[in-house]
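Here is a short note for a colleague opening this entry for the first time. Please keep the structure in view while reading the points.

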Amino acid sequence: MPATQNSQPFTPYCGEDPSLYRIDATTIGDLLLKACDRYPDHPALIFPEVTWTYAQLAERAIRTAQGLQALGVKPRDKVGILMPTSPELVEVFFAVAFCGAVSVLMNARYRANELAYVVENADLVTVITTDVIADQVDFVERLNTAFPDLQNANDPRKLNIAAAPRLRNILMLGTSYPKGFVAESEFYKLATQIDPISVHRSRVATYVRDTGMMLYTSGTTANPKGCEISHEAMTRESIVLGRHRFQLTQEDKIWSPLPLFHIAAMLPMLSIFDVGGTYMGMGFFDPGQALEMLDEHKATVIFSPFVTHLQALLYHPNFATTSLSQVRLMNSCFAAMPESVGVAFKKAMPNTLQLGTFGMTEAAGIVSTGHHGMDPNLGFTRLGLPLIGQEVRIINPESGEDLPVGERGEVLIRGFNLFSGYYRDEEKTAEALDSDGWFHSGDIGSLDGNGHIMFHGRFKDMLKVGGENVAAVEIESLLTRFPGVKLAQVVGIPDEKYLEVPAAFIELDADATVDEEALITFCKKEISGFKVPRVIRIISEWPMSASKIQKFQLRKQLMRELGLNEL
């Protein structure tokens with residue numbers, strides 16, 4: 001293998017001395033408690049409505065863990081978290097870790113059928129949700145739609161739901177008492193029956209290679225796959241990123257607008273907790289409120305790699321008058337965005353080091369990023385160097401051979417940060433992880449002469465809508481359920497706001513007529529809004545290769561019709 005294609009676990013381009021590194025891994029629960037031991041009165045979380053210290057967060061999480069044990073949660077049980085981003089979500093996340101159980105972070109935008117799939121597929125024993133209406137999402141209504149049996153529950157602590165046989169209970173945080181849900185008031189009464197030492201026994205018995213969390217990521221199948229991420233992968237990744245690559249300290253405040261059911265939000269939060277600094281988050285993204293937070297609390301690091309958030313900040317009328325001079329580091333990924341966005345931020349924040357990152361859920365968040373001491377312009381054109389302890393190769397996906405510098409091929413990754421597998425899917429796991437431990441990402445990438453990574457797209461039939469992974473086949477399968485639709489094919493087309501959005505081509509049954517607006521309305525009821533096709537075209541003849549529909553021809557045809565250019 002050519003040396004330039006194998007980023008050794010240490011790379012000298014970061015100016016890092018490998019002799020200073022010591023492997024440091026722990027469990028998710030202990031990562032918080034270690035910070036609490038050192039800085040109990042320091043702010044751990046700042047949200048617009050509340051600030052919690054490390055001591056407050058740890059105390060609340062232990063109490064919640066007592067309640068979970070009272071509901072029957074055991075080590076290695078799967079616990080679903082269906083909540084908007086909030087301090088309470090963080091509290092629940094660590095409570096599950098203290099129990100030695102597995103947090104399954106569920107996308108708050110999931111529709112009822114998507115929720116039902118994840119609850120059953122993940123073998124959830126408990127789901128924790130809230131009656132808070134966030135972004136017009138009513139979790140009670142969605143769960144009742146997913147599981148109509150809830151209305152017939154005699155004992156909410158011992159559910160019997162045919163579609164989710166392992167589900168024992170659903171905890172409702174808040175003041176409401178919907179039928180079939182365990183109320184918060186009852187939950188905390190139950191918590192008093194459990195000695196806190198029972199929680200700590202479960203915590204200290206947790207292995208670092210146990211699964212600590214699961215996140216569902218879209219793939220090339222109709223349903224998303226559950227990525228099993230170990231405590232070691234998550235905490236060690238956070239430590240290497242924050243303490244070593246970002247050089248975070250206890251004085252830093254890191255702001256992120258990303259939802260905490262995303263790996264891209266959990267990673268910076270755990271990174272800053274490792275050093276005892278402060279994480280600043282938002283329940284939902286509002287650019288005006290975001291600028292107020294950045295100014296008032298003097299964030300020193302911005303972790304916002306999605307173009308939708310950066311454009312919203314940039315075009316807000318208060319952006320020009322907001323002081324951002326204290327921001328020393330920003331994970332912005334301008335190399336993967338329209339050039340105009342990077343140019344505007346470079347002018348507005350000339351003293352901020354801009355970093356690109358490349359990563360995915362299966363790699364615990366980040367594979368590569370920029371670094372202190374690099375040419376600052378690389379933050380606008382490249383996605384950085386692999387983190388220490390990780391290896392990257394670029395191969396020809398057909399031959400498996402390593403490609404020379406600059407040539408595009410499939411990105412392979414190996415390291416401590418990789419997921420353990422896709423839950424209940426040995427076939428997909430075997431396809432993704434080879435016998436030598438390399439993860440075949442399906443992403444198209446290249447390496448320059450200094451080992452910096454660039455992302456060029458996906459081999460897999462996937463879309464990336466405003467940072468969200470969307471499997472084309474999921475939308476296609478849904479469209480073919482509509483009466484009169486014979487076949488559907490989905491492609492991604494360029495979009496200034498989201499970078500890429502879905503567009504659908506459909507073939508109708510003989511003599512069938514279908515209204516395109518009716519199709520879009522149907523999709524909106526069944527899947528998350530970001531998955532809904534923006535454009536639908538009816539087609540009678542498909543562009544074909546010898547045996548397959550040529551989607552690239554469909555995309556080219558539609559872009560020509562709409563007058564679109566590549567971003």
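1. Begin with strand S25, residues 485-495, in this predicted model. The strand is mostly covered, with eight of its 11 residues buried.

2. Which strand does S25 pair with? Its partner is strand S26, residues 499-508. The two run antiparallel, and 10 bridges join them. One of the pairs can be picked out by name: Val491 has Ala503 in S26 as its bridge partner. The link between S25 and S26 is a hairpin of three residues.

3. S21 pairs with strand S19, residues 409-415, in the antiparallel sense over four bridges. Across that pairing, Leu412 stands opposite His440 in S21.

4. S21 also pairs with strand S22, residues 453-458. Five bridges join these two, and they run antiparallel. Leu447 has Ile453 in S22 as its bridge partner. S21 and S22 form a hairpin, with five residues between them. Look at Gly451 in the turn: its phi is positive, at about 90°.

5. Strands of a sheet pair through backbone hydrogen bonds, either parallel or antiparallel.

6. Now take the open sheet made of three strands, in the order S15-S16-S17. Its pairing is antiparallel. Why do S15 and S17 each have one side left without a neighbour in the sheet? Strand S15 (357-358) and strand S17 (385-386) stand at the edges, and each has a single partner strand, so one side of each is left without a neighbour.

7. The pairing of S15 with strand S16, residues 368-369, is antiparallel and rests on two bridges. In this pairing, Phe358 has Ser368 in S16 as its bridge partner.

8. Phe147 deserves a look of its own. Where is it found? Phe147 lies in the loop between helix H5 (139-146) and strand S6 (169-173). Is Phe147 buried or exposed? Its relative accessibility is 1%, so Phe147 counts as buried, the cut-off for buried being under 20%.

9. What is Phe147 in contact with, leaving aside its neighbours within four places in sequence? The contacts are Ala116, Val119, Ile161, Ala163 and Ala164. Phe530 makes a reference point for distance: Phe147 and Phe530 are 383 residues apart in sequence and 24 Å apart in space, C-alpha to C-alpha.

10. Now step back to the whole chain. Its secondary structure comes to 16 helices and 27 strands. The radius of gyration is 24 Å, close to the 24 Å that the globule rule gives for 567 residues, so the chain is as compact as a globular protein of that length. Along the principal axes, the C-alpha atoms fill a box of roughly 65 × 60 × 55 Å.

11. How much of the chain counts as buried? The figure is 61% of the 567 residues. Among contacts in the chain with a separation of 6 or more, 70% come from residues 24 or more positions apart.

12. Last, the surface and the charges. The chain exposes about 22800 Å², and carbon and sulfur atoms supply 49% of that area. The chain has 51 positive and 68 negative charges, whose mean positions are 2 Å apart.

Definitions and conventions:
Residues are numbered from 1 along each chain as its sequence is written. This is a predicted model: local features need pLDDT of at least 70, side-chain atom pairs count only at pLDDT 80 or more; totals for chains, interfaces and linings use all residues. Side-chain values use heavy atoms; hydrogens and water are left out. Two strands pair if DSSP finds at least two bridges between them. The radius of gyration is taken over C-alpha atoms; the globule rule is 2.2 Å times the number of residues to the power 0.38. Buried means under 20% relative accessible area, exposed over 50%, partly exposed in between (1.4 Å probe, protein chains only). Contact means heavy atoms within 4.5 Å. Accessible areas come from the Shrake-Rupley method with a 1.4 Å probe; for residues, only the protein chains shown count as cover. Lys and Arg count as positive and Asp and Glu as negative; His and the chain ends are not counted. The place of a charge is taken as NZ of Lys, CZ of Arg, CG of Asp or CD of Glu.
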